[in-house]
Amino acid sequence: MSPQVDRVRVVDGPEELAEAAARAAVAGLEAAVEVHGTATWVLTGGGTPVAAYRRLAAHDLRAGVEWDRVRVAMGDERCVPVEDPESNWGQAAAALLDHVPVPDHQLLRPPVELGAEAAADAYQETLAALPATGGRPRLEVVWLGVGEDGHCLSLFPGHPEVEVADRLVVPVHHSPKPPRDRLSLTLAALAGAERLLVLAAGPGKADAVARARAGDDRLPVTRAVAAVRAAGGEVSWLLDRAAAA
Ligand code: 6PG
């Protein structure tokens, strides 16, 4: 399968980014449901996607998705209670998941209350039980944020978790970005992504985005994009002007 050429879309600012991302979610989920009957959407944590989650919760857009056919997972999670402002799931629930009719059993929240190790093992099982293509759990739509250091998920430059190839989910204990204890999908899991959307906004992300797009594989986000492309997945970048500079 020939590797796809990345799509790159640059929009003015954070508001336009939220609008474009929310519309991309509708299109991606509906296209996947059309083909497979259901779709798994892997959300990203961090602050960048929150406005897009909120925008998608608005009636005019949320009506465009058959939510009963969507499973929602989280690409990485911090080991904090879901009520904690640092919780990726808590943030996504407040902005979107509490406002759309995804059946409870299709809300695949990482059970971080178990501790990073046990939660990673449990979430590995959850992902392994998803419908598969080519022996890999199929992740129809995956969103990734990017850190200023080029990290994505909770995979940080130079950290051992980046190299894990025999697991879908890993515990993370020394995250340079607080909180330190987390769980994260691996690059091996991302190889199951059909549509990857990388979101970045602000001048602080410009260097990492430029290096990743130039193929600097010291950055986990570069490796993530390469893993998706190599498995035949579609890669899109959605950037605001400052991040694309
Ligand atoms: C996390 C994230 C992380 C995030 C980037 C960008 O849990 O911290 O999943 O990978 O996407 O750090 O974060 P911002 O969007 O807040 O800049």
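**View 1. Strand E3 and its parallel neighbours in the predicted model.** Strand E2, which covers residues 39-43, is joined to E3 by 5 bridges, and the two strands run parallel. The model shown here and in the other views is a predicted one. Within this pairing, Trp41 has Val72 of E3 as its bridge partner. E3 is also joined to strand E5, residues 107-108, by 2 bridges, again in a parallel arrangement, and here Val72 has Leu107 of E5 as its bridge partner.

View 2. Helix H1 comprises 23 residues, 14-36, and reaches 32 Å from its first C-alpha to its last, which is close to the expected 33 Å. The buried residues of H1 include Leu17, Val26, Leu29, Glu30 and Val33, together with several alanines, among them Ala20, Ala21 and Ala22. Just after the helix, Gly37 adopts a positive phi of about 90°.

View 3. The model has 0 disulfides by the rule that the two sulfur atoms must be within 2.5 Å. The sulfur of Cys79 has its closest cysteine sulfur in Cys152, and because these atoms are 18 Å apart, they are too far from each other for a bond. Cys79 is partly exposed, at 25% relative accessibility, whereas Cys152 is buried, with a relative accessible area of 0%.

Key: Residues are numbered from 1 along each chain as its sequence is written. This is a predicted model: local features need pLDDT of at least 70, side-chain atom pairs count only at pLDDT 80 or more; totals for chains, interfaces and linings use all residues. Side-chain values use heavy atoms; hydrogens and water are left out. Helices (H or I, at least four residues) and strands (E, at least two) are DSSP runs, numbered from the N terminus. The expected span of a helix is 1.5 Å times one less than its number of residues. Buried means under 20% relative accessible area, exposed over 50%, partly exposed in between (1.4 Å probe, protein chains only). Two strands pair if DSSP finds at least two bridges between them.
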